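Please look through the sequence and the model shown here before reading on. The report that follows takes up a few local features in turn, beginning with a question.

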Protein chains: 2
Amino acid sequence: MAVDVSSLSERSVEMLMTSDHTSVVSMNLFVALLCACILLGHLLEESRWMNESITALAIGLCTGVIILLTTGGKSSHLLVFSEDLFFIYLLPPIIFNAGFQVKKKQFFRNFMTIMTFGAVGTLISFAIISLGAMHFFHKFNIGSLKIGDYLALGAIFSATDSVCTLQVLNQDETPLKLLIYLFAASTILGVVAGLLSAYVIKKLYFGRHSTDREVALMILMAYLSYILSELFYLSAILTVFFCGIVMSHYTWHNVTESSRVTTKHTFATLSFVAEIFIFLYVGMDALDIEKWRFVSDSPGKSIAVSSILLALVLVGRAAFVFPLSFLTNLTKKSPSDKISLKQQVTIWWAGLMRGSVSMALAYNQFTRSGHTDLRANAIMITSTITVVLFSTVVFGLMTKPLVRILLPSSKHISKVSLGVQDSEANHGPVNIPRPTSLRMLLSSPSHTVHHYWRKFDNAFMRPVFGGRGFVPYVPGSPVEQNDHQWH
Amino acid sequence: MAVDVSSLSERSVEMLMTSDHTSVVSMNLFVALLCACILLGHLLEESRWMNESITALAIGLCTGVIILLTTGGKSSHLLVFSEDLFFIYLLPPIIFNAGFQVKKKQFFRNFMTIMTFGAVGTLISFAIISLGAMHFFHKFNIGSLKIGDYLALGAIFSATDSVCTLQVLNQDETPLKLLIYLFAASTILGVVAGLLSAYVIKKLYFGRHSTDREVALMILMAYLSYILSELFYLSAILTVFFCGIVMSHYTWHNVTESSRVTTKHTFATLSFVAEIFIFLYVGMDALDIEKWRFVSDSPGKSIAVSSILLALVLVGRAAFVFPLSFLTNLTKKSPSDKISLKQQVTIWWAGLMRGSVSMALAYNQFTRSGHTDLRANAIMITSTITVVLFSTVVFGLMTKPLVRILLPSSKHISKVSLGVQDSEANHGPVNIPRPTSLRMLLSSPSHTVHHYWRKFDNAFMRPVFGGRGFVPYVPGSPVEQNDHQWH
């Protein structure tokens, strides 16, 4: 009997241990570090020199040093970077939340401008960074970089939707046709998923107070849109971004007050934790000696490569912000609608920061199962870390003073300056269509498109899919009293 | 250049696909089915014959049939059951939520009774089921079951904390001493984690409206308590259960109103989705032909085994509910404090249902990487499915009429009958300490222990850790106006 019990014992210990003990230790440390990042980030927030992203990087670096010393220089990270982890768990909440928290009114009112800046701007920036890297890097003899690597560099560091740009590059056919097809199909899928969730919840749940079901359904349908898009080889990022916009425009108004509060904060929290996770990982991985061995062989080259990349990011963004602003200004009649030079500088500056998504994409492009064997790849990773670190810390800290000098008047300061808004900026910069950096354009709205959209929305969409103020009042139904607070 | 671009293409497609296309298809189907379960479960709710659990089982069965036909009889499930999936993702939210939603006042007031019923009752039930199975099953010649398998059966089908019981069985030393050590250590760890979260949030965040940080910290610290407990080879289930109780008693009152709503519903939603996930999986897996091939060889034996298990569950629960009620009644003076026979029958009945955790544990005990090669193991799995199905459907449906007959008066009906309360019963029965089944005892509270606990709580605990009504009012701080609604 003793033997049999111990046989159960072994099996059950194995079962309850879930995997080996080492991985449990790693998970413990990682979760504890996440908590520490949030706490320290909060404590240091008052100094206005730090936020959770920088704290996570710093804590990751310190932990990396400790692990490096403990393991005798063998390894500096707790987890090996996994593409699955990033694309299945970390990226969807970040992007969905970005769509969900978009200021819909301003987004739709400036849809054309945002699309111009987003699509054309990204293309310009992408071309400049790719060509620039190609032009400068071959002089340094840093090893074999393929043309694909240069294009990936352009995609990673060009402003808006890096993942979509990478996706477009995968195709064999005409890029422009595919760009339009991918964009349209991905957007439509996201919009349909969002509308479906709005319709279903409006028809089934309204006034029944089944908050848990509503929240579960919203989360599951948003995630479904993401993986459906992957299934059809579309841009899952675009899909889930637009699904977020539609869900916050229709679905969110069809659910109970509790569901609204819950979804708003759950999505923000998930996104927040995912970003800290990435920063913490990168901080830890930054000390991986394998990578820095290449760098220490030629520190001058590494510094040069990082500086060139940083300069290309600055030039790439300037190359579309100022010309496109000029073109936009040509269409405006009154001077008050035009984008002033100071505003242009702010738009240019506010979008310079590269964040967690850039780093994760660089890891994906330049690592093979956690190792950076090739000299060139190692330098690319270390340079990306340097650029992200520098832009987050230096550009991030200079944004607030800069905005105060350039735009001393009115509410623009609180709108533009990163680090003030709870939902987006505190969580570190992300490489997705940033309404923050384009919010400057809102002082010059083009009312015409928006006007017809509103008419169409009120006449056809809202009666079917619900939405703000279009859900008939039923006793015991979602109350609107706190709506101004969340909106 | 063309070659290079296509090389990027391959790498990026690989990168964006996250893994092979088949697994993306599986994920899509699974998430879509989860949505379908919630929707259908809701639609069928009005009939009062169904809930999400039964719907998930039914949908799982139907999908299993379709997959079986599509694959030509090779497989009937989309995902192979993974211990990691269950213990890392699905179990923690279910158990934590059970602790978080416990009615603290009634739980603490009846702490001794609950512990008596929970600990002693489980031991009695466990012994009866294990010994009964050992006694009856060897007559059927169903294959080689080890003594460990019988003990596991007892643990899986005995009422309360199956996972903890299994954990105790793993140890080599004296069970009783270890039971007490494990219980104490796991509880203390959970309580400390909960108190720490309360203290930290009270000190750092109070009145600052950082909802996302608070929610993230609560989720991460709860999860940290769970994996810390695993790290120390304790009962992670008990730890996270008590962490949930402490968090809802202290931490929850220290956060903003939005955080309260968000955490309450997020935890409930996660638990809800995790349970549906398990039921859906089991429904799909129930059709796995490998298992039923053994059963179809000897259908009589299978029916006999299932019936015996069901009878043992009935007897095992009766064997502690009635004697312990008798003993409890001896300590009460006034007849109104005593547990009447009708109440005892209700307590006995309400705890009979076996749910998702039972099934998951049976899979863990009797499968090796998704296959049930051994004849005895296959019969154990199919019998567990039969018992869970039968008890969920038949016992579940009979509970409400039974309660109406036995306890026609007052509010007991709504308290006891499963299927009415949103937070627990709708999500299917779970094998954890169920306040629901013990709530009958609340009509006879023993005020003495509770009285001193309240005094201690008010004098020492709440001033330090916060809690209801003990958080001083600060302008802009969490408002209490909606508190009755959530509590």
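In which loop of chain B is the place of Tyr233(B)? In this predicted model, Tyr233(B) sits in the loop that runs between α10 (211-231) and α11 (236-254) of chain B. Its phi is near 60 degrees, a positive value in a residue other than glycine. With a relative accessibility of 44%, Tyr233(B) counts as partly exposed, because that term covers values between 20% and 50%. In chain A, Tyr233(A) is placed in the loop between α10 (211-231) and α11 (236-254), has a positive phi of about 60 degrees although it is not a glycine, and counts as partly exposed at 46% relative accessibility.

**Salt bridges**

A search of the whole structure finds four salt bridges over all chains, and the table lists some of them.

| Salt bridge | Closest N to O distance | Relative accessibility |
|---|---|---|
| Glu257(A) and Arg260(A) | 3.9 Å | Glu257(A) 13%, Arg260(A) 0% |
| Glu257(B) and Arg260(B) | 3.9 Å | Glu257(B) 13%, Arg260(B) 1% |

Glu257(A) and Arg260(A) are separated by about one helical turn, because they are three residues apart in helix α12 (residues 257-285) of chain A. In chain B, Glu257(B) and Arg260(B) are likewise three residues apart in helix α12 (residues 257-285), and are therefore about one helical turn from each other.

**A buried serine**

Ser383(A), which belongs to helix α17 (residues 375-406) of chain A, counts as buried because its relative accessibility is 1%. A polar atom of the Ser383(A) side chain lies 2.7 Å from the backbone oxygen of Ile379(A). When residues up to four places away in sequence are not counted, Ser383(A) touches Ser302(A), Val305(A), Ser306(A) and Leu309(A).

**Nonpolar residues, inside and on the surface**

The largest nonpolar core has 174 residues, and the members that touch the most others are Phe137(A), Leu280(A), Phe137(B) and Leu280(B). Apart from that core lies another, of 10 residues, among them Phe117(A), Leu324(A), Ile339(A) and Phe395(A).

On the surface, Leu40(A), Leu43(A) and Leu44(A) form a nonpolar patch, whose accessible area is about 230 Å² together. One of these residues, Leu44(A), lies in the loop between α2 (21-43) and α3 (52-70) of chain A, and at 31% relative accessibility Leu44(A) counts as partly exposed.

Methods
Residues are numbered from 1 along each chain as its sequence is written. Chains are lettered from A and ligands numbered from 1 in the order in which they are written. This is a predicted model: local features need pLDDT of at least 70, side-chain atom pairs count only at pLDDT 80 or more; totals for chains, interfaces and linings use all residues. Side-chain values use heavy atoms; hydrogens and water are left out. Patches are made of residues with over 30% relative accessible area and no salt bridge: like charges are joined within 9 Å, nonpolar side chains (Val, Leu, Ile, Met, Phe, Trp, Tyr) within 5 Å. Accessible areas come from the Shrake-Rupley method with a 1.4 Å probe; for residues, only the protein chains shown count as cover. A salt bridge is a side-chain nitrogen of Lys or Arg within 4 Å of a carboxyl oxygen of Asp or Glu. Helices (H or I, at least four residues) and strands (E, at least two) are DSSP runs, numbered from the N terminus. Buried means under 20% relative accessible area, exposed over 50%, partly exposed in between (1.4 Å probe, protein chains only). A polar contact is a pair of N or O atoms within 3.5 Å; within protein, one must be able to donate a hydrogen and the other to accept it, and residues adjacent in sequence count only if both atoms are side-chain atoms. Contact means heavy atoms within 4.5 Å. A nonpolar core is a set of buried Ala, Val, Leu, Ile, Met, Phe, Trp, Tyr and Cys residues joined through side-chain atoms within 4.5 Å.
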